Amino acid sequence: MKKLLILALLSSSVFAGKTLDAIKKRGNLKCGVSTGLPGFSFPDSKGNWKGIDVDFCKALSIAVFGNASRVKYVSLNAQQRFTALQSGEIDVLSRNTTNTLTRDTSTGLNFTTPLYYDGQAFMVRKKSGITSAKQLNGASVCTQQGTTTELNVSDYFRANRMKLKPVVFESNDEVVQSFVKGRCDALTTDASGLASERSKFKNPEDFVILPEIISKEPLAPAVRQGDDEWFDIVKWTMFALIQAEELGLNSKNVDSFKKSKDPRIKRFLGRTPGVGKSIGLDEKWAYNVVKLLGNYGEIYEANIGINSPLKLKRGLNSLWTDGGLMYSPPFR
Amino acid sequence: MIQSFINDFPKWLKKNLFNTPVNSVISIFILALLWKAIEKIFLWLLVNSVWTGTAATCRQADGFCFPFLFEKVRFIIYGFYPDGQLWRPTLAMLLLFGTLFYSRIPERWTKKLVYTWFGFFTLFFWLMRGGLGLPIVTNDKWGGLPLTLMLATIGIIFSYPLGIVLALLRRSNLKILKTLSVLYIELIRGVPLISVLFMSSVMFPLFLPEGVNFDKLLRAQIAIILFVSAYMAEVIRGGLASIDKGQYEAAHTLGLSYFDTMRLIIVPQAIRIVIPPTVNTAIGMFKDTSLVLIIALFDLLNTTKTALRDPEWLGFSLEAYVFVGLIYFVFCYVMSKYSQGLESEFGMKER
């Protein structure tokens with residue numbers, strides 16, 4: 001009954017075309033972020049938001065205002081995030097949220113292009129000699145209570161006709177501590193999570209993350225349903241980040257391409273008009289994003305890449321030209 | 001006094017701990033156990049503690065990691081408040097302490113005090129929010145200790161008059177008002193604070209017309225006030241019930257109206273009686289504000305938890321929790337001591 005009520009309320013929301021005007025009038029962009037996930041959206045010691053999700057908020061702010069500081073970050077937990085978007089408390093949700101069919105269709109929101117392709121994986125001790133998740137038959141696996149990871153791992157074991165001994169804890173800290181202390185053979189959560197946990201261990205080199213990815217977690221920004229103009233802006237801002245990397249443009253060298261004869265670059269940087277007008281933004285919006293923030297690769301490396309504490313390889317998040325999934329439609 | 005303590009201590013020991021052989025053995029055993037426990041804390045806090053260095057230095061050592069605290073104390077206390085403006089929440093908190101200190105003496109509980117608090121809140125919000133010459137800091141950036149203090153102080157101060165009204169309504173002879181008050185109090189007391197906060201943050205925005213937005217912090221603050229007022233009402237009702245019937249009758253004989261009877265005779269006495277349970281509620285309330293972390297407000301406990309998640313400074317939860325635990329303890333202890341002082345003062349007057 002309650003659910004029906006919420007759904008009825010959700011489906012009645014129509015904000016067509018109003019979001020961009022509202023943002024411009026208000027003078028800032030309200031961006032929903034997490035309550036603190038290192039690498040994605042996390043406050044540093046000075047209280048400034050940092051992370052790849054946060055950088056995406058900045059990219060949008062640059063696209064709209066030409067300035068990265070016009071963002072108001074709204075910290076949201078898992079339960080609040082969709083309501084906040086629905087009720088107009090935020091303009092865009094950039095908060096490590098997995099795009100799924102149910103969420104996309106029934107919660108009154110639209111997911112744009114994934115910012116990060118994640119997936120669930122396993123970590124084991126190196127000395128166990130295990131090299132594939134298929135060898136985990138009968139293994140005890142530490143996992144967190146009530147999460148989708150718990151569900152995924154039991155699905156995976158059942159599908160592969162393996163015996164699972166789940167060791168379930170309430171908090172993530174307990175899960176990790178138990179694994180380190182040898183309470184279980186394997187630890188499972190999203191690959192990015194495993195990598196960041198491993199980076200905190202005293203002896204990270206004693207642990208390996210198995211290659212199998214057992215679930216798909218495309219983490220994508222989301223906007224309210226019913227405002228296609230704003231949806232396009234969010235979607236194409238993400239594409240601009242990818243396209244810039246593909247064209248070899250980054251925050252340091254973009255000015256040296258000002259005289260480039262390449263028509264793709266001329267269009268992308270707004271020197272041949274088109275990319276701004278058709279989306280309702282300044283012609284130089286893509287140039288500004290690259291100049292003031294950087295391309296996708298730069299953002300990735302700064303926040304979660306090999307030299308960050310999370311030490312995540314690009315993997316699925318490489319450009320399509322490098323065998324990854326990051327692919328932008330042409331800017332023309 | 002110290003001299004007499006030193007003189008009497010051996011005697012006291014002999015009389016209480018070592019008066020029979022069996023007791024002596026038990027005493028020694030317990031003292032040894034105590035030392036075992038204290039030794040660890042002592043070593044951890046003082047001997048092995050690390051004062052300078054990085055997370056790596058701390059991980060090598062086995063003691064309290066002060067560098068962690070030095071690095072994170074700014075975020076734990078002030079949250080997202082912009083650097084360079086930190087004097088504002090600091091001053092706001094000092095003002096709060098000053099106003100509380102000024103209000104501690106019952107003789108000052110007059111109309112003037114209401115104006116004082118009104119003035120204080122004006123200043124407090126001006127400092128926190130800005131405007132009139134100060135840069136604006138929107139309330140999504142408020143956090144840490146100022147936020148906790150604000151939620152608790154406003155929650156307690158505003159719930160008190162609301163509680164008095166609810167308590168009076170519950171004791172009134174008008175059936176409708178009484179029923180409404182009972183319904184409200186029992187409904188609120190029947191659900192946990194978490195669910196009230198959740199309603200305010202997740203459900204409530206859905207019921208508003210489109211485009212209308214109610215500030216998140218304000219919603220939480222109102223939820224807290226509504227929640228505490230139900231508890232305050234019950235506390236005050238207890239006080240009202242304990243007032244002798246003769247007091248009502250005497251007031252009646254003097255020809256006082258209902259409002260004057262309540263205002264001048266019944267309520268002041270009732271409030272005096274219920275000081276201990278009121279402070280009890282206030283202390284509980286102060287700690288309950290930490291529940292706002294589930295609606296993603298960055299109060300003192302949430303900033304602490306967030307600071308702990310920093311990948312560069314992982315694994316110093318003991319340090320962080322000892323630190324905030326101490327802050328919570330100091331505030332609650334002061335409240336408790338103050339209420340004891342008030343009790344004895346009022347007790348003395350009545351006798």
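Of the 332 residues in chain A, 48% count as buried, a residue being buried if 20 or more other C-beta atoms, placed from the backbone, lie within 10 Å of its own. This is a predicted model, in which local features need pLDDT of at least 70 and side-chain atom pairs count only at pLDDT 80 or more, while totals for chains, interfaces and linings use all residues. Residues are numbered from 1 along each chain as its sequence is written, and chains are lettered from A and ligands numbered from 1 in the order in which they are written.

Chain A holds 12 helices and 14 strands, taken as DSSP runs (H or I, at least four residues, for helices; E, at least two, for strands). Its C-alpha trace spans about 60 × 55 × 40 Å along the principal axes. Among contacts in chain A between residues at least 6 apart in sequence, 72% join residues at least 24 apart; a contact here means C-beta atoms within 7 Å.

Turning to chain B, helix α8 (residues 175-189) packs against helix α10 (residues 216-241) at an angle of about 115 degrees, and their axes lie 9 Å apart. The axes are lines fitted to C-alpha atoms over the stretch in contact, with angles running from 0 to 180 degrees between N-to-C directions. α8(B) is therefore roughly perpendicular to α10(B), a label covering 65 to 115 degrees. On the α8(B) side, B:Tyr184, B:Ile185, B:Ile188 and B:Arg189 make the contact, meeting residues of α10(B) that include B:Leu226, B:Phe227 and B:Glu234.

Terms used: Angles under 35 degrees count as roughly parallel, over 145 as roughly antiparallel, 65 to 115 as roughly perpendicular and the rest as oblique. Two residues are in contact if their C-beta atoms, placed from the backbone, lie within 7 Å. A residue is buried if 20 or more other C-beta atoms lie within 10 Å of its own, exposed if 12 or fewer, and partly exposed in between; C-beta atoms are placed from the backbone.
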